[in-house]
Amino acid sequence: MKRALRRDRHPPKPAPAPREKFPPLDLARCERFLMHEARLLDDARFDDWLALFTEDAWYWIPTEPDQQSPFDTVSLIYDDRRLLETRVRRLASPRIYSQEPPSRTSRMIGNVTQEETSTDGFVCTVRSKFMVLENRRDSQRLFGGTAHHRLVQLDGKVLIAWKRVDLLNCDAPLDGILVPL
Amino acid sequence: MSVGEGELVQLIEPGRVHRRVYTDPAIFDLEMARIFGTAWIYVGHESQVKNPGDYFCTRIGRKPVIMVRGPDGEVRVIHNQCAHRGAMVVALEQGNAPEFQCCYHGWTYHLDGRLKAVPLQHGYPREFDPADPKTSMLQVPRVESYRGFVFASEAPDGPDLTDSLGYMATSLDDMVDRAPDGEIEVAGGVFKHTYDGNWKLYFENLCDAAHPLFTHRSSIEAAQQQSDAAHSDGTGEIALRQMRQNGAPYSFWESQVGIWTYPNGHSFLGDYHDDAKLVAAMNDPTFRDYRGALEAKKGKARTDEVLAVRRWNSTIYPNISFMSQFQQLRVVHPIAVDRTVVHAYTFRLKGAPERMFRNAISFANTVNGTGSLVLTDDLEIYNRIGIGLASEGTEWLQVGRGFTSDVPDAHGGRRGKNSTSEVYIRNMLDAWLAYMTNGRAAQAAA
């Protein structure tokens, strides 16, 4: 786990290849990316999931439906990169009692649209609908809502610059959320 | 099933408590009547109902109530129930209304709960009197505010709020005195988290200095291993400091932290995060600005006095826990004997730099957040106690740590030799027994 977070995950980048070498972020690539992300989370490959984020990324699940900011209102989760790394490292800890037994999740993604795309097609915001079934111990929960991903293409690799997850029941009483949504 | 007083007395012994106190639905019903039905219960903060007509819906025990500011400026607490057929009248959590109207048959009420109008009134029996207080949305008989914190009691008579708070009022002072402008307000939304366990477990954990090293090990270790070179917008910085602090060795808890308890079940854990250790460090620019704002308003001597108060969690029995350094307040709502909902609020210190509030939000996410790296392990503990107690195994639960070394303290208090004493649990159980037997069982001379 520790190895996975070492800085050599992000080795100094060689001079960037000419951008025209890579295709722009069209809807099909975005959809494939979201499904890849969902699969990593369902498979509990949290290190690999973390590697999808840029080095100054943030990940946000607000407590209010139209929450404007993570800084003036509390959030179910609001992680800057440093906290996100800690969250992922904790998920691999043998002493994370709230994941003993671990959750199992199953995700469906749909209604994917590109909301905003830079003129060169290398940065875009993707909106999607999701449902996540989470099973742990004797109970199963169903989460659903809308996700926004800000995707950037760096050297042909798609990364998440930020991710916002709006849960339908964001303001309802909830038991703890462990596995990222 | 009823529970006799003789039986209740037998459930609590020196240093141990019978598991029925946490599992028996009949005892839970009695608690709702004798504790939540008589004690001063925190309802809300005046800043949540700033203007006439502003209302905020909450609960006293299981009963839905509305805290509302009337046209006369008075804050009242009324039951959220129509006198006609019993329907809940106000359906939104908060808002502003000129009057309350039931959506079933249109019975309309003044903001103080008095009946204002009844459609088809001629159809009711002759003795039906809209002026009869029984046809109102019933007022909770006693409502008092202490420096903006509104408490209500369902008992028509009894000790007033300040008597009931006693020395613990100083913890509420600490919440307010830290505001340069002398005022605080609820801001930044609310967390609502749940667990399948008894409401008392929550309070029994909040001042427990002996659990972090075990329960929170995963977040402590993950935080200790975290590189500070990774990007932070300030959020991770606050969170990591707190998680690492949870990893303080036992020697720290046994030498630098204390636990103080007071009559009626109140207590606080103190001297924990001194200002040099956490965010409010002297060399932190936000804290320097904050201190400057405080000194400008209160003078240096008074500022020193205000900041010298170093309390971590304060518990006002039976329904709130709060901490002044990051302006947090948690309200515990018992739902059933094995089901609890906690609402966690943040306050803004008026006159303090905006960054202080931002730090308080980050802190709230860290310790009170539904997706927190810390709280989730506490919720797991409450759930596991719930599961464990449902078994017919261990009959008596041990709450005896520090029992022989607790010492009497000023203001009618009693404190642990150090913070790892369970004196605060014994103190709450003493209050529990006194409430449950209507004061007839002598408080155990623990």
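Let's start in chain B, at B:Tyr42. Which residue is the bridge partner of B:Tyr42 in S12(B)? The partner is B:Phe151. Keep in mind that this is a predicted model.

Now the strands around that pair. S3(B) is joined to strand S12, residues 149-153 of chain B, by 4 bridges. These two strands run antiparallel. They belong to an open sheet of 3 strands, in the order S3-S12-S11, with antiparallel pairing. Where are the edges? They are strand S3 (41-45) and strand S11 (142-146) of chain B, and each of them pairs on one side only. Neighbouring strands in this sheet are turned against each other by 30° on average, direction ignored.

One general point while we look at strands. In a regular strand, side chains alternate between the two faces of the sheet.

Chain B has another open sheet of 3 strands, ordered S8-S9-S10, and its pairing is antiparallel. Its edge strands are strand S8 (100-101) and strand S10 (115-117) of chain B, each pairing on one side only. Look at S8(B) and strand S9, residues 108-109. They pair in the antiparallel sense over 2 bridges. Which residue stands opposite B:Gln101 in S9(B)? It is B:Thr108.

On to helices, still in chain B. Take helix H11, residues 285-298, and helix H12, residues 300-308. Their axes come within 7 Å and cross at roughly 125°. That angle makes H11(B) oblique to H12(B). The crossing of H11(B) past H12(B) is right-handed. Who makes the contact? From H11(B), we have B:Arg291, B:Leu294, B:Glu295 and B:Lys298. From H12(B), we have B:Lys300, B:Arg302, B:Thr303 and B:Val306. By type, the residues of this contact split into 2 nonpolar, 1 polar and 5 charged.

Next, chain A. How many helices and strands does chain A have? It has 3 helices and 6 strands. From the N terminus on, the elements read α-α-β-β-α-β-β-β-β. Chain A has 181 residues, and 35% of them are buried. Now count the contacts in chain A with a separation of 6 or more. Of these, 60% come from residues 24 or more positions apart.

Follow S6(A), residues 157-167, through its pairings. With S1(A), the sense is parallel, over 4 bridges. There, A:Trp58 has A:Trp162 in S6(A) as its bridge partner. With strand S5 of chain A, residues 139-154, the sense is antiparallel, over 10 bridges. S5(A) and S6(A) form a hairpin, with 2 residues between them. One residue in the turn to look at is A:Asp155, which has a positive phi of about 50°.

Last topic: where the chains meet. The contact takes 36 residues from chain A and 39 residues from chain B. On the chain A side, the elements giving two or more residues are strand S1 (53-62), strand S2 (75-80) and helix H3 (81-91). Which element gives the largest share of that side? H3(A) does, with 8 residues. By type, the chain A side divides into 14 nonpolar, 7 polar and 15 charged residues.

Back to S1(A) for a moment, to link two parts of the talk. This strand gives residues to the side that touches chain B, and S1(A) also pairs with S6(A) in the parallel sense. Find S1(A) in the model, and trace both from there.

How values were computed. Residues numbered from 1 in each chain as written. Chains lettered and ligands numbered in written order. Predicted model: local features only at pLDDT ≥ 70, side-chain atom pairs only at ≥ 80, totals over all residues. Contact = placed C-beta atoms within 7 Å. Nonpolar A, V, L, I, M, F, W, Y, C, P; charged D, E, K, R; others polar. Axes fitted to C-alpha atoms, helices over the stretch in contact; angles between N-to-C directions. Parallel < 35°, antiparallel > 145°, perpendicular 65-115°, else oblique. Left-handed = near helix turned anticlockwise from the far one by under 90°. Pairing = 2+ DSSP bridges. Buried ≥ 20, exposed ≤ 12 C-beta atoms within 10 Å, placed from the backbone.
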